[in-house]
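Please read the numbered points alongside the sequence and the model.

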Amino acid sequence: MIIAENLRKTFKSKTGDVIAVDDVGFTARDGEITGLLGPNGAGKTTTLRMLYTLMAPERGRVLVDGRDVADDPAAARRALGVLPDARGVYKRLTARENIRYFGELHGMSRADIDRRTQALSQALQMEDFLDRQTEGFSQGQRTKTAIARALVHDPRNVILDEPTNGLDVMTTRGLRGFLKQLRDEGRCVIFSSHIMQEVAALCDRVVVIAHGRVGAQGTADELRAQTGEDNLEDAFVRLIGSDEGLHA
Ligand SMILES: Nc1ncnc2c1ncn2[C@@H]1O[C@H](COP(=O)(O)OP(=O)(O)OP(=O)(O)O)[C@@H](O)[C@H]1O
């Protein structure tokens, strides 16, 4: 389980401070998929970076499985599998070697790494390219490699920054099935997206973010009820105040 409490992050720029995230709070439960939905620049990536300890919040705190990540960031990272916005796959290594390298960094035995690689490559349909050097990989192949690598140590909590960005329809369908599988295994899954249909199709709970703040959160039914709109798309437009950037 991941809890974000009153998170705030400001960036300095020549023309003044940019408040990227302002008092963001939500709970992402185990066995649920939580979606952060918001237009470009809303603060999704910055929020996720604070959840996975890449950035320290100026205010607020993050709890992973009940523990404040600031107290022991390394322990928090062991409990997290992260697909960052920059996928950062090592291009001189094969997909399998990328996964193995992360497993070794986590101190896993070769047998455990091999077992997890086999399971993940099957679940993500990576068999065709598992032993190819990743240089020249398509976006979908790179994303799958980065996801498998993030999950090699079998983390309870999974954070994915725009996981379906740039993927074709079939790959997206496969990935959706995979995320549901993670959820059904009882994991806490959080992902960000600017695509309303994506979030509506996958998420148990939605956190709507606009201008660095949480505009609303709840199940799709709760969001419809809050806005008085029958149609989820109309509900989101009302919550965000515009339909800019909501669609692919
Ligand atoms: N390192 C940084 N330095 C300066 N400004 C930043 C930095 N990172 C983010 N910002 C600003 O913070 C705001 C939120 O950015 P963020 O990347 O979190 O949004 P996002 O919702 O993930 O957007 P997108 O969907 O476009 O990826 C934006 O105005 C962005 O320009």
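1. The unreviewed UniProt entry lists residues 2–236 as "domain: ABC transporter"; UniProt positions are given in the numbering used here, feature names are shortened, and annotations may be inferred rather than shown by experiment. The end C-alpha atoms of this span lie 24 Å apart, and the span is 37% helix and 28% strand. Helices (H or I, at least four residues) and strands (E, at least two) are DSSP runs, numbered from the N terminus.

2. This is a predicted model, in which local features need pLDDT of at least 70 and side-chain atom pairs count only at pLDDT 80 or more, while totals for chains, interfaces and linings use all residues. Residues are numbered from 1 along each chain as its sequence is written.

3. Six strands form an open sheet with mixed pairing, in the order β6-β7-β8-β3-β9-β10; two strands pair if DSSP finds at least two bridges between them. Because β6 (80–83) and β10 (213–218) at the edges each have a single partner strand, one side of each is left without a neighbour in the sheet. From one strand to the next, the twist averages 15 degrees. Axes are lines fitted to C-alpha atoms, for helices over the stretch in contact, and angles run from 0 to 180 degrees between N-to-C directions.

4. Strand β7 (residues 157–160) pairs with β6 in the parallel sense over four bridges. N157 in β7 is the bridge partner of L80. Helix α5 (residues 139–151) packs on the sheet and touches β6 and β7, its direction making about 165 degrees with that of β6. Contact here requires C-beta atoms, placed from the backbone, to lie within 7 Å.

5. Helix α9 (residues 232–240) lies across β3 (32–37), β9 (205–210) and β10, and runs at about 40 degrees to β9.

6. Which residues of helix α3 (residues 95–105) are buried? They are A95, R96, N98, I99, R100, F102 and G103, where buried means that 20 or more other C-beta atoms, placed from the backbone, lie within 10 Å of the residue's own. These buried residues pack against α4 (110–123) and α5. After α3 comes G107, with a positive phi near 75 degrees.

7. Around the ligand there are 13 residues, of which F11, A20, N40, T45 and T46 come nearest; a residue is near if its C-beta atom, placed from the backbone, lies within 6 Å. β1 (2–13), β2 (16–28) and α1 (44–51) each supply at least two residues of this shell, and α1 gives the largest share, three residues.

Definitions and conventions: Contact = placed C-beta atoms within 7 Å. Buried ≥ 20, exposed ≤ 12 C-beta atoms within 10 Å, placed from the backbone.
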